[in-house]
Amino acid sequence: MPHVTDFAATRALFDLPQGLAYLDGNSLGPLAHAVPDRVARALREEWGRMLVGAWNDAGWMALPDRLGDRIAPLIGASAGSVTTGDTLSIKVFQALAAALSLNPDRRVILSDSGNFPSDLYMAQGLARSLDRGHRLVTPPPEEVADHLGEEVAVLMLTEVDYRTGRRHDMADLIARARALGIVTIWDVAHSAGALPVDAGGTGVDFVVGCTYKFLNSGPGGPAFIHVRRGLAERIEPALAGWLGHAAPFAFEPGYRAAEAVRRLRVGTPPILQMAALDAAMDVWDIASIHDVRARSLVLSRRLIDGAAAACPDLVLASPRADECRGGQVSFRHPEGYAVMQALIARGVVGDFRAPDILRFGITPLYIGEAEIDRCVAILAEVLDRRLWDTPACHARAAVT
Ligand SMILES: *Cc1c(COP(=O)(O)O)cnc(C)c1O
């Protein structure tokens with residue numbers, strides 16, 4: 001990877017509407033120009049011409065693992081230790097089920113109150129179905145370390161808080177957890193593609209994440225899962241699907257796990273979504289994740305400082321210190337929903353998370369100083385002139 005990423009070149013790879021400041025790539029990354037052609041090829045040349053033969057001839061069956069190998073460098077994992085498929089919720093469930101079975105005498109699942117609800121729901125549902133007295137403990141994020149102990153089976157954390165952008169010190173927490181015999185799960189939904197992740201260096205047991213946020217695979221893009229080398233062989237998958245079988249086309253009546261992380265594949269891969277991800281990953285051929293992180297921090301500070309000067313009604317919800325913040329900046333405002341609708345109507349797209357958070361994704365692959373400055377100027381105008389106080393801005397849509 002180059003030392004100095006050319007961000008004009010990365011921006012040119014994306015198909016963004018003219019004049020739009022798109023600050024929501026932490027929710028849904030934009031379309032890369034390469035994606036429609038790649039998906040059209042999968043449709044017309046592969047599905048259309050090769051039909052069922054494409055599973056072999058177009059490499060469809062190997063695609064989940066090949067994409068895992070493309071994601072691996074972004075999360076500090078080695079080739080062959082990442083696979084893709086399903087959604088993140090499913091990958092969380094798989095990792096958690098495996099983790100609990102690796103620590104059968106312990107009953108506590110430790111996470112935090114800022115984790116994304118689906119991760120917590122998966123833990124609650126799994127605990128209920130196991131019916132062996134597992135307890136989910138969710139202290140405030142800053143108190144997680146105080147709850148580490150020998151009763152904890154699994155530490156399951158999302159590095160970057162989806163609301164506030166607060167970032168855990170994962171290396172420190174994983175080291176402490178490992179010293180206590182706790183199995184570790186690191187959710188990188190808001191890290192992968194936003195900042196460097198060092199799976200190998202921390203010795204974390206599982207890494208899970210999604211690709212439609214900072215990796216731009218499009219709506220419903222596949223999730224991924226990494227398992228530490230040597231650990232996968234000890235896992236009997238809870239979701240024992242045929243494509244995680246050692247010999248799927250032997251159609252044996254009994255399950256035998258495939259080697260390594262491949263055993264965490266479940267069913268038929270979503271090839272069209274994977275084709276989109278494959279094309280979207282091309283940007284990483286010319287972008288370094290270290291450069292992306294450095295520039296994201298520069299742009300984040302510009303937004304924080306600009307809003308502090310021009311928008312006195314906004315309260316910064318994200319940590320001020322760079323190393324404590326992920327690839328987003330959040331503010332609180334009691335009318336946050338309406339304020340965001342007024343911004344979107346003026347071509348600045350962020351999003352809203354209940355109860356009062358305005359979120360802005362800071363994604364240097366395709367945004368720069370101009371978008372940040374426009375965001376600050378329009379925010380200031382919307383707040384100063386109460387442009388959010390209209391029936392249209394108050395009307396709630398299903399997706400916020
Ligand atoms: C976005 C996100 C999810 C979403 O899960 P899906 O199953 O892909 O819908 C789950 N967990 C975290 C931490 C997220 O940020």
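What follows is a set of numbered points, starting with how the model was treated.

1. Ground rules. This is a predicted model, so to speak of local features we need pLDDT of at least 70, side-chain atom pairs count only at pLDDT 80 or more, and totals for chains, interfaces and linings use all residues. Residues are numbered from 1 along each chain as its sequence is written, and side-chain values use heavy atoms, with hydrogens and water left out.

2. The open sheet. Four strands line up in the order E9-E10-E13-E12, with antiparallel pairing. Helices (H or I, at least four residues) and strands (E, at least two) are DSSP runs, numbered from the N terminus, and two strands pair if DSSP finds at least two bridges between them. Strand E9 (315-316) and strand E12 (351-353) are the edges, each pairing on one side only. E9 and strand E10 (residues 328-332) are held by two bridges in the antiparallel sense, and Val-315 has Arg-332 of E10 as its bridge partner.

3. Helix H11 (residues 336-345) lies across E12 and strand E13 (357-361), and runs at about 40° to E13. Axes here are lines fitted to C-alpha atoms, for helices over the stretch in contact (heavy atoms within 4.5 Å); angles run from 0 to 180 degrees between N-to-C directions.

4. The loop between E12 and E13. Take a look at the peptide bond joining Ala-354 and Pro-355: it is cis, with omega about 5°. Pro-355 sits in the loop between E12 and E13. Asp-356 meets Arg-332 in a salt bridge (3.2 Å, N to O), and this pair links strand E10 to the loop between E12 and E13, 24 residues apart. A salt bridge here is a side-chain nitrogen of Lys or Arg within 4 Å of a carboxyl oxygen of Asp or Glu. Arg-332 is partly exposed at 33% relative accessibility, while Asp-356 is buried at 19%.

5. Other salt bridges. The count comes to 24 salt bridges. In one of them, Asp-278 and Arg-70 have their closest N and O atoms 2.7 Å apart, and the pair joins helix H9 (residues 271-280) to helix H4 (residues 63-71) across 208 residues. Asp-278 is buried, with a relative accessible area of 7%, and Arg-70 is partly exposed at 21%. Both belong to a network of salt bridges that also links Arg-38, Glu-46, Arg-66, Asp-282 and Asp-285. Elsewhere, Arg-385 forms a salt bridge with Glu-381 at 2.7 Å between the closest N and O atoms; Arg-385 is exposed at 54%, and Glu-381 is partly exposed at 33%.

6. Strand E5 and its neighbours. Seven of the seven residues of strand E5 (residues 152-158) are buried, so E5 is largely enclosed by the rest of the structure. Strand E3 (residues 108-110) runs parallel to E5, joined by three bridges, with Val-108 partnered by Val-152. From E5 the chain crosses through helix H7 (residues 170-179) to E6 in a right-handed β-α-β crossover (with the strands pointing away from the viewer, the path from the first strand over the helix to the second runs clockwise).

7. Nonpolar cores. A core is a set of buried Ala, Val, Leu, Ile, Met, Phe, Trp, Tyr and Cys residues joined through side-chain atoms within 4.5 Å. The largest has 92 residues, and those touching the most other members include Ile-75, Trp-284 and Phe-360. Helix H12 (residues 369-384) gives the most to this core, with eight residues. Another core, of 30 residues, lies apart from it, with Ala-95 and Ile-225 among them.

8. Backbone check. Leu-51, in the loop between H2 and H3, has a positive phi near 50° without being a glycine. Asn-216 is another non-glycine with positive phi, about 60°. Asn-216 falls in the loop between strand E7 (206-210) and strand E8 (223-227) and counts as buried at 3% relative accessibility.

How values were computed
Buried < 20%, exposed > 50% of the residue type's maximum accessible area, 1.4 Å probe, protein only.
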